[in-house]
Amino acid sequence: MSNRTKNVNQQPLHHRPWKKNVPGYLMVLPAFLVLAAIMFYPIFYTIRMSLSNVDISSSGYIFNFIGLQHYIDIFTNPVYWDSIWFTFYFAFVTVAVEIVLGLLIALAINKVKRLLNVSLVVMLIPWALITVVSGQMWSYIYNAVYGVLNYVLETLHLIDSPIAWLATPDTAVISMMIAEIWKTTPFVVIILLAGLQMVPKDQYEAASMDGANVWQQFWKITLPAIKGSIAVSIIFRLLQAFGVFDLPFVLTGGGPGNATQPVAMLAQKSLFQNLNFGLGSAISVSVVFFIIMLSITFYPLIRSVVKGES
């Protein structure tokens with residue numbers, strides 16, 4: 001065998017990795033093309049609609065290109081910015097409460113080992129409920145005539161007369177936040193509880209032997225160990241809360257006025273109630289833009305937190 005042949009045969013595999021992976025790439029390619037078509041075609045179609053006046057005819061949609069006019073219309077519309085403000089306010093307040101409440105519940109469940117399975121089942125009930133069902137349930141609770149909440153508060157002599165919780169902007173916003181926190185806190189609890197289960201027990205034993213109290217153990221051991229789980233919970237819940245639609249749709253309909261109207265509901269009204277497909281598409285594209293910016297903002301933070309944890 002010649003020296004040239006030996007050198008070719010002895011060439012390290014890392015010099016030609018693409019040849020080794022070609023069969024794998026070819027097997028994955030069909031699934032990738034299908035996913036790309038499912039994901040990107042609706043996006044490009046929506047962007048096209050947002051740049052056009054869309055008319056409906058017997059043969060389908062007719063696109064009349066108008067450029068950025070729809071975006072100018074929504075960015076100069078105070079109703080749009082009210083919806084953006086409410087969406088951000090709703091997302092950050094509910095997520096902040098859920099993280100604190102979820103951490104307290106996860107710590108309590110983690111301490112009570114005998115009731116761990118029962119606690120998990122009970123915690124998953126609100127999360128497993130369809131949002132439309134839970135929203136309808138909370139609408140009965142908040143009802144001014146036969147609502148359970150008014151009955152309990154009147155029985156305890158905390159209020160003198162029934163309160164229409166969903167009839168004024170301030171109480172409607174708070175009521176909807178409570179319903180959202182009740183439903184989605186179990187999601188945070190499950191993630192944080194999984195992080196707590198992975199903390200080595202010998203660290204607590206060593207800290208106890210060194211004289212550290214419970215509060216010191218929490219700040220020095222527990223919190224640093226689960227900061228990755230907390231970061232994941234925050235980003236997932238922020239993205240979910242920013243796209244909230246079904247709960248305000250069922251509970252308040254975006255009212256009173258536009259006090260509880262998230263930007264997703266504003267897009268739905270433009271698309272399906274007013275049949276203004278171009279304007280509704282522009283609102284939808286702007287929502288995607290805000291979500292992308294939110295992800296770009298939080299991704300470096302989460303990456304640094306996870307790297308620090310590892």
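1. Let me start with T171, which is found in helix α8 (helices are DSSP runs of H or I with at least four residues, numbered from the N terminus). T171 is partly exposed, with a relative accessible area of 22%; the class covers what falls between buried, under 20% relative accessible area, and exposed, over 50%, using a 1.4 Å probe and protein chains only. Leaving aside neighbours within four places in sequence, T171 is in contact with A164 and W165 (contact means heavy atoms within 4.5 Å). The side chain of T171 also makes a polar contact with the side chain of T168, at 2.4 Å. Such a contact is a pair of N or O atoms within 3.5 Å; within protein, one must be able to donate a hydrogen and the other to accept it, and residues adjacent in sequence count only if both atoms are side-chain atoms.

2. A word on the basis for these remarks. This is a predicted model, where local features need pLDDT of at least 70 and side-chain atom pairs count only at pLDDT 80 or more, while totals for chains, interfaces and linings use all residues. Residues are numbered from 1 along each chain as its sequence is written, and side-chain values use heavy atoms, with hydrogens and water left out.

3. Do look at the charged residues. The whole structure holds two salt bridges (a side-chain nitrogen of Lys or Arg within 4 Å of a carboxyl oxygen of Asp or Glu). In one, R237 pairs with E98, with the closest N and O atoms 2.6 Å apart. This pair links distant parts of the chain, R237 in helix α11 and E98 in helix α4, 139 residues apart. R237 is buried at a relative accessible area of 1%, and E98 is buried at 0%.

4. R237 has a further partner: E180 meets R237 in a salt bridge at 3.0 Å, N to O. Here helix α8 supplies E180 and helix α11 supplies R237, 57 residues apart. E180 is buried, as is R237. Through shared partners, E98, E180 and R237 form one network of salt bridges.

5. Now the nonpolar side. The largest nonpolar core has 27 residues, of which A106, I109, L192, I226 and L238 touch the most other members (a core is a set of buried Ala, Val, Leu, Ile, Met, Phe, Trp, Tyr and Cys residues joined through side-chain atoms within 4.5 Å). Elements giving two or more residues to this core include α4 (78–111), α8 (169–197) and α11 (227–242). The most comes from α8, with seven residues.

6. Which residues does I109 contact, leaving aside its neighbours within four places in sequence? They are L116, S119, M123, V189 and L193.
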